[in-house]
Amino acid sequence: MLPLYRQIGDQLRRVIVNGNLAPGDYLPSSRDLASELVISRNTTLQAYEQLISEGFLESRPGSGTMVAISLADKPVAARTKTRSLFHDVPARADVHDLERSEGEPAAVSFQPGIPGFDSFPRLLWGRLLKRHAIRADQFMLDYAHTGGYAPLRLELAKYLNVSRGVACEPRQIIVTTSTRAAIDTVARVLWPAGASVAVEDPGYLTAKRVLTMAGYRLQSVPVDANGIRVEEILSAHEPPVGAYLTPTHQWPTGVTLSAFRRIRLLEWAERTGAWLLEDDYDSEFRFDGPPVATLQSSGDSRVVYIGTFSKTLAPSIRTAYFVVPPDLAGRFELEVYRHGIEPALHVQAALADLIAEGHFTRHIRRMRQLYAHRRALLVGALGMTFGDGLRLECPAGGLQLIAWLPERVAA
């Protein structure tokens with residue numbers, strides 16, 4: 001079951017999306033709402049903070065909490081002032097903090113999107129793999145289950161419901177070997193061959209390569225501080241049949257798709273029959289509050305949600321998954337079976353135990369703290385080295401940092 005603050009947040013988000021609460025409408029204070037619902041005030045505060053972080057609400061000191069003015073249908077330039085999507089970046093860090101960072105690796109790979117291999121739970125993972133590799137029932141030696149190992153699909157459904165607000169049944173989850181395989185499979189099933197597909201610019205190059213190799217024509221749509229410019233999709237001369245995007249934590253800029261644009265995008269998909277591929281690759285790693293809700297949680301009928309263990313654990317585990325509408329689950333099961341893109345059963349079984357026994361959520365919690373600490377050290381070191389010569393943007397989370405070189409260098 002969803003935590004109580006998430007249930008309250010989901011209800012409020014729904015009435016905002018449905019238009020029952022309009023931009024500028026004030027909500028009860030967190031204290032009054034808690035009293036009315038007979039719950040802790042901390043619970044209502046969490047719900048409000050979640051929706052504020054997503055851009056659905058805004059708080060005005062001395063006035064209260066209201067539905068974000070940015071949701072009103074007005075020019076984007078005016079909306080960008082309502083909230084900052086980036087943290088203030090400290091110019092410097094104490095050099096002693098850098099010297100005291102015990103346990104840090106001697107060398108660090110600065111390839112973006114790669115998790116901390118030095119903190120991977122090797123012994124635990126090895127023990128879980130061994131548990132299933134030596135099972136006496138020979139089950140692990142058979143062919144993979146169609147659609148994925150049933151206990152893993154069950155655990156993923158529970159995890160996604162609680163942590164990401166993705167409401168789904170286990171059968172809706174299709175397990176595959178990688179995000180690439182998921183994108184290719186979903187595209188071939190839902191989009192006509194040779195059709196035009198909208199993608200973010202800048203965006204995830206691997207996804208673009210996969211779609212191009214599958215024969216799709218890519219329609220590059222610019223990204224700004226509010227995410228992909230949805231209006232350019234809606235007004236395109238040749239309407240795309242769908243879009244691939246990273247709305248909760250855009251790759252590579254780290255911005256979050258604004259609530260206003262989310263609503264417009266979902267309305268467009270529902271109206272035109274377009275399909276949206278939501279790649280939620282590392283959104284668990286948010287450092288200033290709970291992760292932002294997924295696009296799928298607001299409009300699951302036209303959204304296929306894609307997740308992966310590559311960013312949370314390690315790419316070599318070779319396991320990803322995607323969530324499809326119930327009536328399409330059987331079709332996708334057969335498609336994955338036809339292409340033979342299923343992870344090994346003992347790996348899937350080990351992942352199921354990792355989640356069921358609580359190890360996975362504890363690992364995410366540890367990594368969130370570790371990555372926030374390492375990012376602060378990196379920002380401090382860059383500040384000490386380059387001073388004002390390097391402009392940094394720190395997204396609210398994730399595994400990347402944006403650094404802007406001076407124009408004279410970039411040129």
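Start by selecting R318, which is found in the loop between β9 (303-308) and β10, where strands are DSSP runs of E with at least two residues and helices are runs of H or I with at least four, numbered from the N terminus. This is a predicted model, in which local features need pLDDT of at least 70 and side-chain atom pairs count only at pLDDT 80 or more, while totals for chains, interfaces and linings use all residues. Residues are numbered from 1 along each chain as its sequence is written, and side-chain values use heavy atoms, with hydrogens and water left out.

R318 has a positive phi of about 55° although it is not a glycine, and at 35% relative accessibility it counts as partly exposed (between buried, under 20% relative accessible area, and exposed, over 50%, with a 1.4 Å probe and protein chains only).

Next select L351, which touches W125, L152, F309, L313, I317 and T319, not counting residues up to four places away in sequence; contact here means heavy atoms within 4.5 Å. Of the 37 residues in the largest nonpolar core, I173 and L351 touch the most other members, such a core being a set of buried Ala, Val, Leu, Ile, Met, Phe, Trp, Tyr and Cys residues joined through side-chain atoms within 4.5 Å. α13 gives the most to this core, with eight residues. A second, separate core of 29 residues includes L211, Y244, F322 and F332.

Finally, display the D201 and P202 pair, joined by a cis peptide bond with omega of about 5°; P202 lies in the loop between β4 (196-201) and α9 (205-213). Another cis peptide bond joins W251 and P252, with omega also about 5°.
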